[in-house]
Amino acid sequence: MITALSKMPVGINDDFDRLLEKGGELVWHAGAMKKGANLCHGTAGNGYAFLKLYERTGNRIWIDRAQVFAMNCIDQYRLSKELFHQGRYTLWTGDLGTAFFLWDCITEKANFPTIDIF
């Protein structure tokens with residue numbers, strides 16, 4: 001929800017901005033997803049909430065949190081590769097979506113695939 005709603009106009013409603021940030025706090029406290037590193041209900045997908053909040057607020061705490069989630073994604077990717085001896089090759093449930101998230105963490109951008117690009 002944060003990723004999709006982050007494009008709403010900034011500054012029109014401070015309550016809305018606070019609500020988005022409270023949602024980000026919930027994501028942070030929930031931690032990395034058990035499903036894996038992917039975009040679809042995974043750690044990378046949740047990490048985009050932080051990138052979107054950083055883009056919206058400019059507050060460095062959100063990019064820092066996104067980068068922590070990125071490190072979790074790398075660990076989850078490695079574990080999955082070790083367990084299953086293969087990668088996952090789709091955008092939503094595979095390594096490609098995770099790669100997009102990792103790149104956006106490096107470049108400090110929030111270009112969520114299909115919502116912002118493609």
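Hi everyone, let's start with a contact between side chains: Glu108 and Arg60 form a salt bridge, 3.1 Å from N to O. By salt bridge I mean a side-chain nitrogen of Lys or Arg within 4 Å of a carboxyl oxygen of Asp or Glu. This pair connects distant parts of the chain, with Glu108 in the segment after α5 and Arg60 in helix α4, 48 residues apart. Helices here are DSSP runs (H or I, at least four residues), numbered from the N terminus. Glu108 is partly exposed at 29% relative accessible area, and Arg60 is partly exposed too, at 39%. The cut-offs are under 20% for buried, over 50% for exposed, and partly exposed in between, with a 1.4 Å probe and protein chains only.

A quick word on the model: it is predicted, so local features need pLDDT of at least 70 and side-chain atom pairs count only at pLDDT 80 or more, while totals for chains, interfaces and linings use all residues. Residues are numbered from 1 along each chain as its sequence is written, and side-chain values use heavy atoms, with hydrogens and water left out.

Now to Lys52, which is buried at 1% relative accessibility. Which side chains does Lys52 meet in salt bridges? One is Glu55, at 3.9 Å from N to O. Both lie in helix α3 (residues 43-57), three residues apart, about one turn of the helix. Glu55 is partly exposed, at 44%. Another is Asp116, whose closest N and O atoms with Lys52 are 2.4 Å apart. Asp116 is partly exposed, at 26%. Through shared partners, salt bridges join Lys7, Lys52, Glu55 and Asp116 into one network. The total count is eight salt bridges.

Let's turn to helix packing. The axes of α2 (residues 14-30) and α4 (residues 60-84) come within 12 Å and cross at roughly 30°. Axes are lines fitted to C-alpha atoms over the stretch in contact, with angles from 0 to 180 degrees between N-to-C directions. So α2 is roughly parallel to α4, a label for angles under 35 degrees.

Which residues make the contact? From α2 they are Glu21, Gly24, Glu25, Val27 and Trp28, and from α4 they are Trp62, Arg65, Val68 and Phe69; contact means heavy atoms within 4.5 Å. They divide into five nonpolar, one polar and three charged, with Gly counted as polar.

Thanks, everyone!

Key:
Helices (H or I, at least four residues) and strands (E, at least two) are DSSP runs, numbered from the N terminus. Angles under 35 degrees count as roughly parallel, over 145 as roughly antiparallel, 65 to 115 as roughly perpendicular and the rest as oblique.
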